[in-house]
Amino acid sequence: LVWNYGHRNPQGLAFRPGTTQLWNVEHGPERDDELNLALKGRNYGWGLREGNHCVSGDVTTDVGCDMNGFEPPVAEYAHSDGCSVTGGLVYRGSAIPALTGRFLYADFCQGRVWGIDVDNPRAGPRFLVSPLSGSTPFYSVSSFAMDAQGQVFVLSLGGWGTPGRIYK
């Protein structure tokens, strides 16, 4: 059974609790990463598109770009904003009510954690959840985890002299 296709590098797959909504992020090779709501039977366009842009050979372009037949991403994460998106999960905890119903994701290099409203994902803008814990950045955010109460943990590999950590 194939649920959908046209993905380059999906990771951070997460179901929205209590629904069949499947969220994922994908790292694009040139300039944009994607946040997708993975819908049944849809084509996400790899290797003809990257985010909301067409790919021609090794070039990402909007010239002569035809998006017919492809499911667009819910949002893009430009490489100019960071190096690579790390997929997360849909928050359902009670410690931070403002995050309830947000799909959380991060930048691998800079450690910025973002959220997007799963009930109205195209409304934007994405908002910054937490770039720092005290004075130590979340370097190399590799994954997210959730406990039985729905509280979030951000996993960091560390780097540049900072040890790997788990943040709650």
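Let me start with a contact. R16 forms a salt bridge with D119, and their closest N and O atoms are 2.7 Å apart. R16 sits in the loop between β1 (10-15) and β2, while D119 sits in the loop between β10 (113-117) and β11 (127-128), so the pair ties together parts that are 103 residues apart in sequence.

Some ground rules. This is a predicted model: local features need pLDDT of at least 70, side-chain atom pairs count only at pLDDT 80 or more, and totals for chains, interfaces and linings use all residues. Residues are numbered from 1 along each chain as its sequence is written, and side-chain values use heavy atoms, with hydrogens and water left out.

Now the terms. A salt bridge here is a side-chain nitrogen of Lys or Arg within 4 Å of a carboxyl oxygen of Asp or Glu. Buried means under 20% relative accessible area, exposed means over 50%, and partly exposed is in between (1.4 Å probe, protein chains only). Strands are DSSP runs of E, at least two residues long, numbered from the N terminus. Two strands pair if DSSP finds at least two bridges between them.

Back to our pair. R16 is buried, at a relative accessible area of 18%. D119 is exposed, at 57%.

How many salt bridges does a search of the whole structure find? It finds 3. Another joins the side chains of E71 and R42, at 2.6 Å from N to O. E71 belongs to the loop between β6 and β7, and R42 to the loop between β3 and β4, so this pair ties together parts that are 29 residues apart in sequence. E71 is buried, with a relative accessible area of 13%. R42 is partly exposed, with 35%.

R31 and D32 also meet through their side chains, at 3.1 Å from N to O. R31 is partly exposed, at 33%. D32 is buried, at 6%.

D32 brings us to strand β3, residues 32-37. This strand is mostly covered: 6 of its 6 residues are buried. D32, E34 and N36 point one way, and D33, L35 and L37 point the other way.

Who are its partners? β3 pairs with β2 (residues 22-26) in the antiparallel sense, over 4 bridges. The two form a hairpin with 5 residues between them. β3 also pairs with β7 (residues 75-78), again antiparallel and over 4 bridges. Look at E34. E34 is the bridge partner of E26, and E34 stands opposite E76 in β7.

Next, an open sheet. It has 3 strands, in the order β4-β5-β6, with antiparallel pairing. β4 (49-50) and β6 (59-61) stand at the edges with a single partner strand each, so one side of each is left without a neighbour in the sheet. β5 (residues 53-56) and β6 pair over 3 bridges. There, V55 has T60 as its bridge partner.

A cavity is a set of points on a 1 Å grid over the protein atoms alone, where a 1.4 Å probe fits but cannot get out; lining residues have an atom within 4 Å of a point. Points are joined across faces, edges and corners, and a volume is the space filled by probe spheres set on them.

The count comes to 1 cavity of 30 Å³ or more. The largest cavity holds about 70 Å³. It is lined by 14 residues, and the closest to its centre are R8, E26, G28, E34 and W46. Which strand gives the most to that lining? β3 does, with 3 residues.

Notes: On a 1 Å grid over the protein atoms alone, a cavity is a set of points where a 1.4 Å probe fits but cannot get out, and a pocket is an open set with protein on both sides within 12 Å along at least five of seven lines; lining residues have an atom within 4 Å of a point.
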